[in-house]
Amino acid sequence: SVDAFETPLAAVAVDRGAVDRLAALPAVHVDDSAHAEEHCIEVQLPFLQRSLGRFTVVPVLVGDATDTEVAGVLDAAWDGPETLVVLSTDLSHYLDHATATSRDRRTADAVCAREPELIADADACGAHPLRGLLRVARERGLDVHLLDLRNSGDTTGPRGRVVGYGAWELTPGDDEAVLCAVAFEAVRRGVDAEGRWEPDAGVHPARLSRRSGSFVTLERDGALLGCVGSLTPRGPLVVDVARHAYAAAFEDPRLPAVTADDLAHMSVKVSELGGFEPIEVGGLDELTAALRPGHDGLVVTHPRGRATFLPSVWAMLPEPVDFVAALWRKAGLPRGHWADDLDLERYTAIEYTSLDNRPAT
């Protein structure tokens, strides 16, 4: 409820507007007594004062809150690129040096992989906020970099009973990392029975709100789990990718729904479409001669429907004759069929790929 924190360097103002906004959330309470003996926020302030100069702070202590509640608070407080999130936690407590080193390394690997499910309460005294932040990092496609990892036995004290410490930096991921992370998160939430999830396009770089056709392909060890998309955009790219990923996982009529076991071995491929142009040819021979294997996606439209193959299909069907024949079969057209009412377009695609279930590594 206070207006400022005072340090030996100067007073740091509390952002009362942000505090009031967060206090409206069901899991948040204004409670001065919780801050009376807890110093995890105060110890960060002098470092921030030296690094940032003037700033305001939103001081949040996390008790027995769920990952989802913490993530919701972070999302509500995160106003844009001017918002800096600092999370303060120790790692293991009072183990011997060798045991602490091993356990903290495992925790550090989970943090870098953005896998909150692998972090137990005993791995960090701030496990609840740490897991919530990692959920947000995963949803926003942020990369996590380890800066340092050690324990008190490495610095100031004996090695029989130590406390672990680590430092990480979170940075915006590139387009590939963000889009694959969004696709993976949409599937994960579906597997966890959390329902459909769509990211807030406003929290991502403006370039990811571009309007592009897109497809999401899910695979497990090379076997197709689902592929759904649209040739034309229906919303911002980052939102369309989440929608297509959910549909590929649970609504592709050709395949069963993705399971938790599938998720643990799943790879994600996002195809962003562009460069559409009509193909003016007089028959199948001219069509197969005009196609550029490995480069062109192809759309065929006829009075009874429409079908497409992404450029990635060339990896399975490298010969143009086979590529066209399989597309004709998908479109419900007889092999070798040709008519004046066929409309043909080619297009290119940028492919963003994750090789495993850690899409923004």
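Q: Why is Tyr94 called partly exposed?
A: Tyr94 has a relative accessibility of 47%. Buried means under 20% relative accessible area, exposed means over 50%, and partly exposed is in between, with a 1.4 Å probe and protein chains only. Tyr94 therefore counts as partly exposed.

A quick note on the model: it is predicted, so local features need pLDDT of at least 70 and side-chain atom pairs count only at pLDDT 80 or more, while totals for chains, interfaces and linings use all residues. Residues are numbered from 1 along each chain as its sequence is written, and side-chain values use heavy atoms, leaving out hydrogens and water.

Q: What makes the phi of Tyr94 worth a look?
A: Tyr94 is not a glycine, yet its phi is positive, at about 65 degrees. Most residues other than glycine have a negative phi. Tyr94 sits in strand β4; strands are DSSP runs of E with at least two residues, helices are runs of H or I with at least four, and both are numbered from the N terminus.

Q: Which value makes Asp221 exposed?
A: Its relative accessible area is 68%, so Asp221 is called exposed. Asp221 is found in the loop between β7 (214-220) and β8 (223-230), and it has a positive phi of about 50 degrees although it is not a glycine.

Q: How do you know that Leu118 is exposed rather than buried?
A: The relative accessible area of Leu118 is 53%, and therefore Leu118 is exposed. Leu118 lies in the loop between α5 (97-112) and α6 (127-139).

Q: What does Leu118 touch, leaving aside its neighbours within four places in sequence?
A: Leu118 is in contact with Ala110 and Asp123, where contact means heavy atoms within 4.5 Å.

Q: Why is Leu84 called exposed?
A: Leu84 has a relative accessible area of 55%, so the word exposed applies. Leu84 is found in the loop between α4 (67-77) and β4 (93-95).

Q: What makes Leu52, Leu84 and Val86 a patch?
A: These three form a nonpolar patch on the surface, with about 270 Å² of accessible area together. Patches are made of residues with over 30% relative accessible area and no salt bridge; nonpolar side chains (Val, Leu, Ile, Met, Phe, Trp, Tyr) are joined within 5 Å, and like charges within 9 Å. A salt bridge is a side-chain nitrogen of Lys or Arg within 4 Å of a carboxyl oxygen of Asp or Glu. Accessible areas come from the Shrake-Rupley method with a 1.4 Å probe, and for residues only the protein chains shown count as cover.

Q: How many of the residues in the protein chain are buried?
A: Buried residues make up 44% of the 361 residues.
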